[in-house]
Amino acid sequence: MSKNILVAVAWPYASGARHLGHVAGFGVPSDVFARYQRLVGNNVLMVSGTDDHGTPITVRAEREGKTPREVTDFYNAEIRNNLRDLGLSYDLFTRTSTENHYQITQAFFTRLQEKGYIFAKEMIGTYSEADKRFLPDRYVEGTCPHCGYTKARGDQCDNCGKQLDPVDLIEPRSTLSGATPIFKPTTHFFLNLPAFVERLREWISSQEHWRPNVKRFSLGLLEEVPARAITRDLTWGVPIPVEGDEFDGKRIYVWFDAVIGYLSAAVEWATKVGRPEAWREWWLNPEARHYYFMGKDNIVFHSVIWPAMLIGHGELELPYEVVSSEFLTLAGGEKISSSRAEGNSIPFVGEFLAQYDPDPLRYFLVIAGPETSDTEWSLSEFIRRNNEELVATWGNLVNRVLSITHKNFGHVPTPQALTAEDEAALATVRNAFETVGKELEQAHFKAALIATMAAARSVNEYLASQEPWKVLKTDRERGGTILYVALQAINNLRTLFTPFLPFTSQKLHELLGNEGYLAGPLLFEERQESQHSHEVLTCEPSTWVGRWEWSDLPAGRELAAPTVLFKKLELPTE
RNA sequence: GCCGAUGUAGCUCAGGGGUUAGAGCGAACGACUCAUAAUCGUUAGGUCACUGGUUCAAUUCCAGUCAUCGGCACCA
């Protein structure tokens, strides 16, 4: 009956601190989805990790006089802390610089090579003697042969927009050292993507449930798919599993290995929980559904390249759904990319959570996040929505019901026969399990949260119409019945809000005297391999108690005096 | 340049070939006082960017225009 659901979340790049745009794009939506699926009773495996490889990390390491591993150790820890503090309930959040990942990546490479999907080819690389390295095109600068712009990059001229090749540049120089590079041949491996075009087209065309923009974009990409180089001249990364000295200074391209992380992380998780073959229940199970979450800049890797690799592999499951977010922007539409995070005013996750609670941020990122189009980030809007929506509608509802109950009864009152109005109020909340669930099922997070808030609002309406504070003065029994109904409502809204607001839902869970974890703690766990150890972020959802269905709060249960779920916020004055 | 996206009420955004185009917030008026001065009700009348086209019918499909944004292979 339960389905196996893989929640595959994009891998944040361990080259620096992550900002709110990153967690808005893949983090919060994937966690809402995973928590909902667990409440429904499905077997969820939610995995990701930091992407530890690539040129920017090696460059940063050199600039800081550190090793790439030290750099990624630092940012992996910071990102892990961010994700934990935001309540992102990964079954396993690991990293790509593990022995497990190296082995699985190499095996994947070898398998594709044996099946003829990978071939070697000589190409011209840009080499800098001064930097002692080959330079990615973006690290080469020079004068544009078309427009004379002196700061054109090796891949493109920002002035005239023309695409370039480093050899085209007049007076090329390394952006790292300023030295003049030379061009020399270097051999690399290519993934033969054209071999997969027909199968990909057929597969994507048959995905009726994909969002039209993702589908159209992906099919568009197939119009022209070249073979793609999957190795680089680098010394930090997964070594190429091919015999020969000429490959010593080369590594597998970060994106080729990062997507394999979805598989290697599942294997690592299975090992960790002591059931080494358990990953097969997701990866070799045609009934399993794989959902991928990412920002729109990553669609190509998840809808084309990774599926091609999976088709080439031959045994593993393909994506069921590719859920892509748009971008969180600053006022004025400026894109917030990782490479430009420094110097603009989008807050880093760590800084932000040092000042604000995670649930209000999660609320904002779902209700006002870039689900279907770019949306703007604004601190004043965040505070406004916290105060006028989250606090006023939901936080205040909980507080008023618990306060009046505590003041008049101290426990859940025993109800008399329910009136039609009582039944209607309960039915509205009861029905929300279906309406909200249907939206979440389709990854419509914003609509789901709006529907949940509407259910909360309906309880405020019920209270306004029944006026228990008035009734209590003349008819204590009836007043108690109204409060009983309201308590049942918030007890169930607690469950409905759990995917979005795990921390405060857990708090309410406890305020209402319920046992156990509705949304449990997230943990760090040390994993030792032969050369290194690393820490992973994990949790124990199998021990959590919530179910996506109506539950009764028993009459007579003692209720303590409430404390508020959400604080009102003020805009900083400076 | 090529490809794509977006342009809907004061604000932030949904929606979608067809009765009076929606939500939240703001604003106005009223009700209430249990509650974090929170809540509830009523109201606010936006040429759904512009111009053509297809259609019995378009804001919703198509084309063009304007504006904004993104992708365009070794950036992740």
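Which residues line the second largest cavity? Here are my notes, with that one picked up in point 2.

1. First, some ground rules. This is a predicted model, where local features need pLDDT of at least 70, side-chain atom pairs count only at pLDDT 80 or more, and totals for chains, interfaces and linings use all residues. Residues are numbered from 1 along each chain as its sequence is written, chains are lettered from A and ligands numbered from 1 in the order written, and side-chain values use heavy atoms, with hydrogens and water left out.

2. Back to the question: the lining is made of Leu-191, Leu-193, Arg-228, Ile-230, Tyr-253, Trp-255, Phe-256, Phe-301 and Ile-305. Helices H7 and H9 (299-313) are the elements that give two or more residues to this lining. (Helices are DSSP runs of H or I with at least four residues, strands are runs of E with at least two, and both are numbered from the N terminus.) By class, you get 8 nonpolar, no polar and 1 charged. (Nonpolar covers Ala, Val, Leu, Ile, Met, Phe, Trp, Tyr, Cys and Pro; charged covers Asp, Glu, Lys and Arg; the others, Gly among them, are polar.) The volume is about 60 Å³.

3. What counts as a cavity or a pocket? On a 1 Å grid over the protein atoms alone, a cavity is a set of points where a 1.4 Å probe fits but cannot get out, a pocket is an open set with protein on both sides within 12 Å along at least five of seven lines, and lining residues have an atom within 4 Å of a point. Points are joined across faces, edges and corners, and volume is the space filled by probe spheres set on them.

4. Residues lining the largest cavity include Ala-24, Arg-211, Glu-371 and Phe-445. Strand S14 (321-325) gives the largest share of that lining, 3 residues, while H1 and helix H11 (358-367) are among the elements that supply at least two.

5. Now the second largest pocket, at about 530 Å³. It has 25 lining residues, with Arg-38, Asn-42, Val-44, Pro-541 and Ser-542 nearest its centre. Helix H1 (20-40) and helix H7 (254-272) are among the elements giving at least two residues each, and H1 has the largest share, with 3. The lining has 10 nonpolar, 7 polar and 8 charged residues.
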